[in-house]
Protein chains: 6
Amino acid sequence: MKPETLATLRRVSTATLTTQMFKRGFRNVFMQGVRALGSYGDNMVGPATTVRNIPAREDIDVMASLGNPEHPQRKAVETIKPGHVLVMDCRGDARAASGGDILMTRLMRREAAGVVTDGGIRDAGPIAKMPLPVFCAGPSAPLNIIQHHAVEIDAPIACGGVAVYPGDILVGDADGVVVLPAHLADDVAADAAAQEELEAFLLARIDAGAPLPGTYPPNQATLAAFEEWKARQG
Amino acid sequence: MKPETLATLRRVSTATLTTQMFKRGFRNVFMQGVRALGSYGDNMVGPATTVRNIPAREDIDVMASLGNPEHPQRKAVETIKPGHVLVMDCRGDARAASGGDILMTRLMRREAAGVVTDGGIRDAGPIAKMPLPVFCAGPSAPLNIIQHHAVEIDAPIACGGVAVYPGDILVGDADGVVVLPAHLADDVAADAAAQEELEAFLLARIDAGAPLPGTYPPNQATLAAFEEWKARQG
Amino acid sequence: MKPETLATLRRVSTATLTTQMFKRGFRNVFMQGVRALGSYGDNMVGPATTVRNIPAREDIDVMASLGNPEHPQRKAVETIKPGHVLVMDCRGDARAASGGDILMTRLMRREAAGVVTDGGIRDAGPIAKMPLPVFCAGPSAPLNIIQHHAVEIDAPIACGGVAVYPGDILVGDADGVVVLPAHLADDVAADAAAQEELEAFLLARIDAGAPLPGTYPPNQATLAAFEEWKARQG
Amino acid sequence: MKPETLATLRRVSTATLTTQMFKRGFRNVFMQGVRALGSYGDNMVGPATTVRNIPAREDIDVMASLGNPEHPQRKAVETIKPGHVLVMDCRGDARAASGGDILMTRLMRREAAGVVTDGGIRDAGPIAKMPLPVFCAGPSAPLNIIQHHAVEIDAPIACGGVAVYPGDILVGDADGVVVLPAHLADDVAADAAAQEELEAFLLARIDAGAPLPGTYPPNQATLAAFEEWKARQG
Amino acid sequence: MKPETLATLRRVSTATLTTQMFKRGFRNVFMQGVRALGSYGDNMVGPATTVRNIPAREDIDVMASLGNPEHPQRKAVETIKPGHVLVMDCRGDARAASGGDILMTRLMRREAAGVVTDGGIRDAGPIAKMPLPVFCAGPSAPLNIIQHHAVEIDAPIACGGVAVYPGDILVGDADGVVVLPAHLADDVAADAAAQEELEAFLLARIDAGAPLPGTYPPNQATLAAFEEWKARQG
Amino acid sequence: MKPETLATLRRVSTATLTTQMFKRGFRNVFMQGVRALGSYGDNMVGPATTVRNIPAREDIDVMASLGNPEHPQRKAVETIKPGHVLVMDCRGDARAASGGDILMTRLMRREAAGVVTDGGIRDAGPIAKMPLPVFCAGPSAPLNIIQHHAVEIDAPIACGGVAVYPGDILVGDADGVVVLPAHLADDVAADAAAQEELEAFLLARIDAGAPLPGTYPPNQATLAAFEEWKARQG
């Protein structure tokens, strides 16, 4: 990912990114049922570190299992690289939590870029006020091992109905979370920035009373005006 | 719709309106799964302009299709009458958006009274801050043509599990959206206003410590006190 | 319930309580699909007074039925003991409301500790601003008798997929609602308080940069440091 | 219930019965998600004996609880009157069974008219071959106490989204199960028989090539032909 | 549609057709939640005649409305062309029926090729035994006007989550129903026949013990053997 | 697994097995939403060979990918050991197939004991007639790569909401599929056989008119009679 891609992805919308991905033939890049827990400023952006969960089993998923330093969820939290997003596959099951305030605090201290899960989050009240962007299927108090058994780190997973490969770039805003294959991120980000520059111009025209036809999508005259405006901005 | 009906419907609750409709034999007037995206002051009120969508098809629903000025969704936005509510049938499918900030801005400029969809809304962050009341099944970034193909304008549609005929009066508040058949709107509004005047009186009594029996629903004595109170208000 | 249990349960989280219940072999104590309607300070805590609903029937559930002082829902509101939580079994059906602003106001005046329903709540806008904690499946305008027929008071019920026996202690926070069997409340509360005291200590360490291994869960050294810290607090 | 009502209800369809109930203002009389487990001859018909279940709790719903002769489900099986239908409210949750081959065999020996549950049935293979009509939400192996706690006998319940009052007449065929309030059964059955006699005549005409207009629904000429035909049958 | 296309589509599987459509870029051509009610021999094949339903409204959808010869559903049945498939959009709502035995009999007499609905079917027992292929979301006794209001004939509709345009070719087998855009039917059918001829050859080899690699999908040697085999067949 | 365990598990019911597992503290061992496609004689029994799928991605999951001999699903079919059950995690998504007649035929030739998937199966008509037991979420024509990307073989997976570890013993009958941890299979099978011997005795008594109390569950007298009966059988 080019250095400027990170900055770009922090400000373009997930809406724009889905349009860019659609233009490239990708229809299923937006997680379903996954929302921001709090209100964040810039977008959450970062490469995915993944954790895969399967249903819990009563004899394996006991309190003591969480003390094992090799427990994949705990190890993922402890080893995540700065700037990465921890993405957890909980099979869309929010009957239990994917984590709570202590794990989220540790992720902040490790400079994770954010957390994404299609399971629940406990301690949702305090976590919603943290600066760490957290996206989930909703608040849910029960501890993870009631429903979830963490199996492995950095395998390809499903989250919110979308495939997430380790290293994919995740972007989250108030609409939700988009998954970008790593090799497309630079290109998609550049085109998204260009699209948003044009749309900002179009929105200003619409806001000033211009009709949709000719403006959105823009005809040649509007595009020419946009180019002129861009040139004037210098 | 009588002129005073609009004013009345802006302040009575959708809860009261469902009660009035129930008294007239209507049980299914409240949209399920459709909520306000932002916090609005007065209720959204206006006659329905409808757009019907069916599932998208890969060869028809392409980027270029949105540039056609006859595209029903775009045409509906461009031709909606001031004071009308744009209602979109998305079959309850929020996997994609029904529109974003540019269309919502154009609707504001055209003085639409609001937007209702049982699909998603993209750019939900900025749109939630606009004064235009928007009711939807939730934020959703993917562009509409991934899931939705707009077929026609001003046909009877389904939205949130309720039949919406063009011209029906839609009313939205923090509970959600109620659909009133146009020919009943004046009568329902008048009775709703009367019901709310009475209930304000009853609520004040309950708030002052009166018990439910005799007060809610009111007995003859309470009704007499209400009439006396009304007379005193002049 | 010991006097101090009430105070404890007002401040420990539902997350902690599910952990304590899990340690005692209870896996299904957290209501699914039930959320706080507003933002409240301390937790909602109190013994359950239950109301059971079945589907409405057109000939029985008519406006007049609500005027009967023996109507179980109305009677439950009118007879609830101070400090109790009114819990309504609506079969998870939020297509209609469990109550509105007048009933909630009466419950406040009767000093109920809160309201829990797996159905809807109407007048959700004003109710969300009341001090009475209300937990529900979401706003829903239609009056209760469109979908719900109240059958009995203080029978064991289902709510949010959890068994609620009259007198069970309900605790609600931003995550949702936990059900504690009455005979376990004192013990669970005491252990929850101890767990949270330890976790506050651990969270401070994590916040200061400590790694998960050895800290969460704590090893002997961390536990010793905790004991020392507790001793210092006196 | 008149003696001939039972015979009539054994042969009219649940489709016809929903029409008759609709004509009387009842819209919600057909259980959703409840199907016949086997193929039966005549309809299942009989008054409801009800059992209500709530979610299981780990400390109460243990193997030993099933040995208590007062266990409501077991007691209902043991005390059901000949000709009655055992109806179980399982909250639409088919993750566990409502019963298996031994209970079904006991119900046959007690001459129950049938079994209806919106939960699962275990031993579905052998039970589907028994003459006892069983309607359920599907096969499900886990024993009932994993999900269900039987609370009471002959209380009003919900089953398949419909209110069932003890003594209501249940009728089941290949479409599913209809609930008739006891006081309406005679009247509904008589009208259903008349409707089916007419429809048999109309179906014969349609089968012979008659067009819908004038035949279905019948116009005066068709009705006259029907009356003549009936007269000829003597 | 070429004459031979009809014959071909009667014997190739819907599985093969989805593969051919996928090769052409179509991913959403198979109706979800729609199954054959009975066991039929050859596939159901025919162009779609569509009926669109919206939710019923209590004052409009009354018994008398079904007697109107312009009622869209009744008119569609009465005017459908021989060989066509009647496709009904019921918004996936099987709480009520799309039709019963009299309408199905009339459709047989009019030589309809079949019926497809994402709503229910009443009189499912007798209809399952008719030769007319019927695909639906399941048996459901309640009459259509409890939930469905027929709006129009031969508009583009949604059925089972797939867009159906009037004249699209519908093909149904034991897997379910596939929708083919009319202009692609000839081409898809020809390629499907070729695919199935090859797969019959491959299946015979697999059945005789050949391994997947080299056989399925076939390598050059296998393809050569297939061509030789075809040549030998003459 | 002891040699006799296989024979035992072929004849005891999944209902009995869930009871035995419940007695050992396991509540979640029965797959939800997974049913037998055909009618089979003895139970399906065998150790699990697992395949894990995540959502498909348009650029990766193309027709050509199926030709890769390392494709995990194809490789699993080609390398499965005789007597094993192929279990596929499709995230409960039956919008596409997990396989069709050619793969099922190859599995038969490789002497697989059966197939289990929580996705769909295409060519369901012919496959239901094969002797190979197939359990799935239902017929579904679309090819797997429209929704599913096979990631790995013999990792722990989720299927039907249950954890499946490679080597776990799967047992399937008309109720559905139960998962037994490998180390418990012998013990569970032995106890299940004993339970069924007793229940056969009890069922005969119930069938002969014995009441539930004292018989089911059995009291000391009934157990003594059972022991005597067993002794007589020699």
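Residues are numbered from 1 along each chain as its sequence is written, while chains are lettered from A and ligands numbered from 1 in the order in which they are written. Because the model is predicted, local features need pLDDT of at least 70 and side-chain atom pairs count only at pLDDT 80 or more, whereas totals for chains, interfaces and linings use all residues.

## Chain A as a whole

Let us start with chain A, which has seven helices and ten strands. Helices here are DSSP runs of H or I with at least four residues, strands are runs of E with at least two, and both are numbered from the N terminus. Along the principal axes, the C-alpha atoms of chain A fill a box of roughly 70 × 30 × 30 Å. Of the 234 residues in chain A, 57% are buried. A residue is buried if 20 or more other C-beta atoms lie within 10 Å of its own, exposed if 12 or fewer, and partly exposed in between, with C-beta atoms placed from the backbone. Among contacts in chain A with a separation of 6 or more, 76% come from residues 24 or more positions apart. Two residues are in contact if their C-beta atoms, placed from the backbone, lie within 7 Å.

Strand β2 (residues 44-55) of chain B runs parallel to β3(B) and is joined to it by five bridges; B:Ala48 has B:Val85 as its bridge partner in β3(B). Four bridges link β3(B) in the parallel sense to strand β4 (residues 114-117) of chain B, with B:Val115 in β4(B) as the bridge partner of B:Leu86.

Helices connect these strands. From β3(B) the chain passes through helix α4 (residues 101-109) of chain B to β4(B) in a right-handed β-α-β crossover. A right-handed β-α-β unit is also made by β2(B), helix α3 (residues 72-79) of chain B and β3(B). Right-handed means that, with the strands pointing away from the viewer, the path from the first strand over the helix to the second runs clockwise.

## Two spots in chain F

F:Ala137 sits in the loop between β5 (134-136) and β6 (148-153) of chain F. With 23 other C-beta atoms within 10 Å, F:Ala137 is buried. Its contacts, leaving aside neighbours within four places in sequence, are F:Gly33, F:Val34, F:Gly92, F:Ala94, F:Asp118, F:Gly119 and F:Gly120. F:Gly33 is 104 residues away along the chain, yet its C-alpha atom is separated from that of F:Ala137 by 5.7 Å.

Helix α7 (residues 220-233) of chain F is hardly covered, and the count of buried residues among its 14 residues is zero. At 1.5 Å a residue, α7(F) should span 20 Å, and its end C-alpha atoms are 20 Å apart, which agrees; the expected span is 1.5 Å times one less than the number of residues. After α7(F) comes F:Gly234, whose phi is positive, near 70 degrees.

## How the chains relate and meet

Copies are superposed by least squares on the C-alpha atoms of residues with pLDDT of at least 70 in both.

| Superposition | Rotation | Shift along axis | RMSD |
|---|---|---|---|
| chain A on chain B | 120 degrees | 0.0 Å | 0.0 Å |
| chain E on chain B | 180 degrees | 0.0 Å | 0.0 Å |

The relation of chain A to chain B is that of a three-fold axis, and the relation of chain E to chain B is that of a two-fold axis.

Between chain A and chain B, 26 residues of chain A are in contact with 25 residues of chain B. On the chain A side, α2 (14-23), β10 (176-180) and α6 (185-207) each give two or more residues, and α2(A) gives the largest share, six residues. By class, that side has 13 nonpolar, seven polar and six charged residues. Ala, Val, Leu, Ile, Met, Phe, Trp, Tyr, Cys and Pro count as nonpolar, Asp, Glu, Lys and Arg as charged, and the others, Gly among them, as polar.

The contact of chain E with chain B takes 18 residues from each of the two chains. The side of chain E that touches chain B has ten nonpolar, four polar and four charged residues. Because 100% of the interface residues of chain E are also interface residues in chain B, the copies meet through the same surface. Chain E has no contact with chain A, and their closest C-alpha atoms lie 10 Å apart. Chain C and chain E do not touch either, with 13 Å between their nearest C-alpha atoms.

Terms used: Two strands pair if DSSP finds at least two bridges between them.
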